[in-house]
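Let's walk through this one from the inside out, with the cut-offs spelled out as we go. Have your viewer ready.

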Amino acid sequence: QVHLVESGGGLVEAGGSLRLSCTASGGTGGSYAMGWFRQTPGKEREFVAAVSWSGSSTTYADSVKDRFTISRDSSKNTVHLQMNNLKAEDTAVYYCAAPEPYSASYYDLRLGTRVVKYWGQGTQVTVSL
């Protein structure tokens, strides 16, 4: 069982920046990609970004490309999401996510929630105009 804990959400003005972090613990070993999803009331949870186990490969939703950067610490246990030039439409609860080890690649996380085995508790990001 992989346990994910997010931190770093909050309130920011449009055009500002926030950095989210997610730390993974537990599990029985094995490599796994990690990613971020977000959800607003009444909408499905959507893919935002993902990073490979090694940290060398990343992928982004078109809506956040060139504004958000996902990275992974050398320890492999912590993933960050640097969010720049935030817009009102980025307002959402952001969830850290991971598939079952060895079951899916970082790119597979683009397929959506059905690929995800483990979720964090979520952290609210609010962007004001």
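Is Cys-22 buried or exposed? Cys-22 counts as buried, because its relative accessibility is 0%; here buried means under 20% relative accessible area, exposed over 50%, and partly exposed in between, using a 1.4 Å probe and protein chains only. Before going further, some ground rules: this is a predicted model, so local features need pLDDT of at least 70 and side-chain atom pairs count only at pLDDT 80 or more, while totals for chains, interfaces and linings use all residues. Residues are numbered from 1 along each chain as its sequence is written, and side-chain values use heavy atoms, with hydrogens and water left out.

Back to that cysteine. Cys-22 is joined to Cys-96 by a disulfide, with 2.0 Å from S to S; the rule is a pair of cysteine sulfur atoms within 2.5 Å, and by this rule the count comes to one disulfide. Cys-22 sits in strand β3 and Cys-96 in strand β9, so the pair ties together parts that are 74 residues apart in sequence. (Strands are DSSP runs of E, at least two residues, numbered from the N terminus.) The torsion about the S-S bond is about -85 degrees, so you're looking at a left-handed disulfide. Cys-96 is buried too, with a relative accessible area of 0%.

Now for the packing. A nonpolar core here is a set of buried Ala, Val, Leu, Ile, Met, Phe, Trp, Tyr and Cys residues joined through side-chain atoms within 4.5 Å. The largest one has 38 residues, and Leu-4, Met-34, Trp-36, Leu-81, Met-83 and Tyr-94 touch the most other members. Strands that each supply at least two residues of this core include β1 (2-7), β3 (18-26), β8 (78-83) and β11 (123-128).

Take Val-125, which lies in strand β11. Val-125 counts as buried because its relative accessibility is 0%. Contact means heavy atoms within 4.5 Å, and beyond four places away in sequence the residues that Val-125 touches include Leu-18, Leu-20, Met-83 and Tyr-94. Val-48, found in strand β5, is another buried valine, with a relative accessible area of 1%. Leaving aside neighbours within four places in sequence, the contacts of Val-48 include Trp-36, Phe-37, Leu-81 and Tyr-94.

On to the rings. The structure holds five aromatic pairs: rings of Phe, Tyr and Trp (its six-membered ring) pair if their centres lie within 6.5 Å, and planes under 30 degrees apart count as stacked, over 60 as edge-to-face and the rest as tilted. Tyr-32 and Trp-53 make a tilted pair, at 5.6 Å centre to centre with 55 degrees between the planes. Tyr-32 is buried at 8% relative accessibility, whereas Trp-53 is partly exposed at 32%. Phe-37 and Trp-119 pair edge-to-face, at 5.2 Å and 75 degrees. Phe-37 lies in strand β4 and Trp-119 in strand β10 (residues 118-119), so this pair ties together parts that are 82 residues apart in sequence. Phe-37, Phe-47, Tyr-95 and Trp-119 form one aromatic cluster.

Finally, the charges. One sits over a ring if NZ of Lys or CZ of Arg is within 6 Å of the ring centre and within 35 degrees of the ring normal. Arg-45 lies over the face of Tyr-95, 3.6 Å from the ring centre, and Arg-72 lies over the face of Tyr-32, at 5.6 Å.

How values were computed:
Helices (H or I, at least four residues) and strands (E, at least two) are DSSP runs, numbered from the N terminus.
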